[in-house]
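The sequence and structure are shown first.

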4 protein chains.
Amino acid sequence: MRPENESIGQRSFIEEARRRQIIDAAVEVLADAGFGGASLARIADRAGISKGVISYHFAGKDELLRQVVISLYENGAAMMVPRIEAADSALGRVRAYIESNLEFLDTHRRHITAMIEVVFGLRGADDRPAFTAEDGDNASVLPLAELLRAGQDSGELGDFDAWIMAQQIRDSIDGAATRAARDPDLDLSPYADQMLALYLRAVQPPPPGAS
Amino acid sequence: MRPENESIGQRSFIEEARRRQIIDAAVEVLADAGFGGASLARIADRAGISKGVISYHFAGKDELLRQVVISLYENGAAMMVPRIEAADSALGRVRAYIESNLEFLDTHRRHITAMIEVVFGLRGADDRPAFTAEDGDNASVLPLAELLRAGQDSGELGDFDAWIMAQQIRDSIDGAATRAARDPDLDLSPYADQMLALYLRAVQPPPPGAS
Amino acid sequence: MRPENESIGQRSFIEEARRRQIIDAAVEVLADAGFGGASLARIADRAGISKGVISYHFAGKDELLRQVVISLYENGAAMMVPRIEAADSALGRVRAYIESNLEFLDTHRRHITAMIEVVFGLRGADDRPAFTAEDGDNASVLPLAELLRAGQDSGELGDFDAWIMAQQIRDSIDGAATRAARDPDLDLSPYADQMLALYLRAVQPPPPGAS
Amino acid sequence: MRPENESIGQRSFIEEARRRQIIDAAVEVLADAGFGGASLARIADRAGISKGVISYHFAGKDELLRQVVISLYENGAAMMVPRIEAADSALGRVRAYIESNLEFLDTHRRHITAMIEVVFGLRGADDRPAFTAEDGDNASVLPLAELLRAGQDSGELGDFDAWIMAQQIRDSIDGAATRAARDPDLDLSPYADQMLALYLRAVQPPPPGAS
DNA sequence: GATGAATGAGAGTTCATTCAT
DNA sequence: CATGAATGAACTCTCATTCAT
């Protein structure tokens with residue numbers, strides 16, 4: 001039995017490496033075989049280790065799958081946040097959000113695929129989804145909605161429901177993610193261009209002479 | 001074993017009723033327990049029949065699940081097509097497409113939920129998804145893209161990439177569907193209003209005086 | 001999934017036979033290999049069936065093991081009660097209780113062994129024993145204690161704590177059971193004789209001329 | 001690997017302390033979680049040490065569990081023997097045996113519980129119990145039987161089968177032990193009183209004027 | 001002396017499918 | 001047509017043991 005020290009990040013370097021290795025293997029299997037095909041046996045096989053090792057390093061399959069999602073969110077935030085903060089206008093931040101997000105999912109297609117499998121597939125003991133809509137909205141819609149609202153407050157952005165607009169942008173990005181996940185060779189850039197055009201126009205205030 | 005006469009629609013009335021009953025039960029279980037929780041035993045239990053009946057009326061679990069998807073597409077088309085065809089302008093048809101689609105998913109939430117579970121969960125023997133991106137695009141993006149292109153040809157709609165625009169509209173609708181599936185109490189109408197505003201503006205030709 | 005109809009004893013004849021067969025196999029394995037060695041695989045093997053059959057006929061391993069205990073108690077009661085009721089005096093009933101009980105455990109040694117394994121081995125999810133001391137006392141000590149008390153009320157038996165005396169008799173019988181379980185060739189009759197002498201003397205009222 | 005020097009008590013003081021510590025932890029876990037719940041991981045956790053330490057100090061799990069039993073027997077003998085030898089009559093020795101034994105199990109309930117778990121649970125590679133009935137009889141019945149026989153030879157005790165009487169007394173004590181193990185709050189003294197009365201009367205020679 | 005890491009076998013359970021009745 | 005019974009494979013998880021450090 002491994003000492004339960006999750007709360008205090010006291011994991012040794014070597015243990016952290018093993019966990020990374022197992023998470024990576026899980027990502028590959030999830031992307032290849034889907035949620036239903038991602039058995040511990042298969043993940044262990046892909047990682048070149050014995051099945052028991054996974055149980056040793058993770059409390060259970062659920063914890064492993066959750067880490068697949070969490071680690072991806074962390075990576076995404078680490079990449080996107082600096083890009084957004086570097087922008088010097090509300091419109092620039094919206095553009096940075098969309099661009100960096102699309103770029104991230106373009107360069108992490110298999111991780112995205114794996115994450116989608118887990119988010120859609122993982123359920124709790126009560127058969128209810130482990131990742132609820134609220135979870136997802138809080139993690140991905142909320143920051144974007146606040147970004148939009150700040151732009152409205154400063155007068156840089158137009159008049160619209162910021163929460164719904166944020167949902168729309170997220171839906172467009174998630175749609176692109178799903179497409180990218182299903183077709184590894186898909187070129188996202190045309191979609192990205194038109195999407196940027198669509199939303200940058202939608203969030204801007206109407207031009208002075210408009211009716 | 002039952003004679004395989006699916007291609008020539010020679011199913012008796014009573015057999016068709018049994019299939020409907022089973023498909024409906026499958027929808028309920030899929031919506032409640034997800035793809036992973038939808039065992040034949042549970043579906044049979046929900047339908048109030050024995051497990052063997054399902055095997056008798058369907059070639060296997062896969063065929064049953066496919067029918068869940070197919071029957072929903074048929075229902076959707078049957079409801080949407082007349083609405084779209086009743087419109088007398090390209091813009092009206094776009095509006096009818098979006099409105100009728102959102103209305104359909106609002107009134108068929110559990111079916112939609114079930115379908116999403118199958119589309120995301122079902123895989124073939126080769127581990128590849130049973131419903132590919134191409135399948136989905138052909139069924140849902142293609143008609144919409146052609147509708148848009150026809151509007152562009154007649155000069156009623158503006159200049160944009162019709163295929164990508166169709167994908168964007170689909171992504172927004174699918175996003176709404178996912179939200180509706182996850183939150184049964186969600187009111188879709190505000191989302192629908194803003195979505196209509198977004199896309200009707202996007203597909204219209206620029207106003208005469210615009211730069 | 002089998003229909004859950006345990007409460008309304010609506011099990012078919014063939015199902016009841018299978019359950020008996022599985023319980024019997026479980027008894028044999030428990031007697032041979034002990035609680036820890038009684039895996040479902042081994043029980044199924046002994047019964048000449050597949051492992052899944054057990055899961056089909058019993059809700060789980062626990063239910064099977066409980067049935068091993070319950071069926072033995074039922075058999076024991078069915079054999080002992082008529083013998084006890086046939087006696088026409090309190091002393092005769094005490095004698096009948098002890099004699100019939102010892103006789104029962106003599107002729108059901110392997111079942112007794114199996115039951116002891118389950119009672120000592122089976123634990124609940126909370127690690128606490130599934131069969132508590134109270135369970136056992138209620139099932140085996142209580143009827144005997146009441147029998148003794150009735151004899152005291154009618155003046156046929158002497159003055160002693162009926163509950164403790166009942167426990168003592170039970171302990172002696174259980175001790176004999178344990179010995180019989182561990183040594184299949186052990187002759188119980190000398191032990192039975194001396195035990196009868198011990199307790200019949202102990203429960204009788206003191207002779208008239210005693211100090 | 002550690003040199004196997006168990007036969008020649010050449011263990012260092014510190015090693016002996018470690019073994020005691022581990023045995024004590026095993027007793028606690030056995031008493032709490034039973035034989036099946038007493039994994040090495042749990043025992044190590046209770047002792048505050050790593051799992052490997054146990055493997056280092058004991059040849060295997062079996063040896064550790066045997067020590068739990070053996071150490072308890074040693075403790076019991078060390079407490080009971082002086083008490084028995086201090087008595088100056090056969091009847092006094094029988095009384096001292098019963099009283100000191102009941103007292104010992106009253107003050108060592110958790111150890112007793114743990115020992116019972118091991119005696120009932122531990123099996124050898126051949127599936128046969130590690131502690132046979134003969135073992136138990138030799139260790140606990142034999143000395144008592146000899147004590148009784150000596151009393152008969154000296155004319156102090158009555159006429160009965162000493163071996164069976166010794167078994168009966170043991171069964172009563174073991175019954176009390178089992179009750180005490182299962183109910184930590186049970187008051188043993190009423191049981192002890194009546195048990196003493198029962199057996200002291202049973203082993204005494206009949207009074208002169210009895211028929 | 002002691003540790004954490006890894007193994008590999010075996011546990012109970014679930015499930016789609018097959019088949020005799 | 002429909003059923004209940006049975007199979008056998010695959011699943012997650014646990015655990016005693018081994019071993020390099």
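## Phosphate contacts

In this predicted model, a polar backbone atom of L40(D) is 2.9 Å from a phosphate oxygen of DNA strand F. Chain D also places a polar side-chain atom of K61(D) at 2.6 Å from a phosphate oxygen of DNA strand F. From chain B, the side chain of H57(B) brings a polar atom to 3.0 Å from a phosphate oxygen of DNA strand F.

DNA strand F has 33 residues around it, of which K61(A), V53(B), R18(C), H57(C) and K61(D) come nearest. Of the atoms of DNA strand F that come within 4 Å of the protein, 69% belong to sugar and phosphate.

By class, 14 residues of the surface near DNA strand F are polar, 10 are nonpolar and 9 are charged.

## Helices that form the surface

Several helices each supply at least two residues of the surface near DNA strand F. The largest share, 5 residues, comes from α3(C).

## Chain pairs without contact

Which chain pairs have no contact between them? Chain A and chain C are one such pair, and their closest C-alpha atoms lie 16 Å apart. Chain B and chain D are likewise joined by no contact, with their closest C-alpha atoms 31 Å apart.

Methods:
Residues are numbered from 1 along each chain as its sequence is written. Chains are lettered from A and ligands numbered from 1 in the order in which they are written. This is a predicted model: local features need pLDDT of at least 70, side-chain atom pairs count only at pLDDT 80 or more; totals for chains, interfaces and linings use all residues. Side-chain values use heavy atoms; hydrogens and water are left out. Contact means heavy atoms within 4.5 Å. A residue is near a molecule or strand if one of its heavy atoms lies within 4 Å of it. A polar contact is a pair of N or O atoms within 3.5 Å; within protein, one must be able to donate a hydrogen and the other to accept it, and residues adjacent in sequence count only if both atoms are side-chain atoms. Helices (H or I, at least four residues) and strands (E, at least two) are DSSP runs, numbered from the N terminus. Ala, Val, Leu, Ile, Met, Phe, Trp, Tyr, Cys and Pro count as nonpolar, Asp, Glu, Lys and Arg as charged, and the others, Gly among them, as polar.
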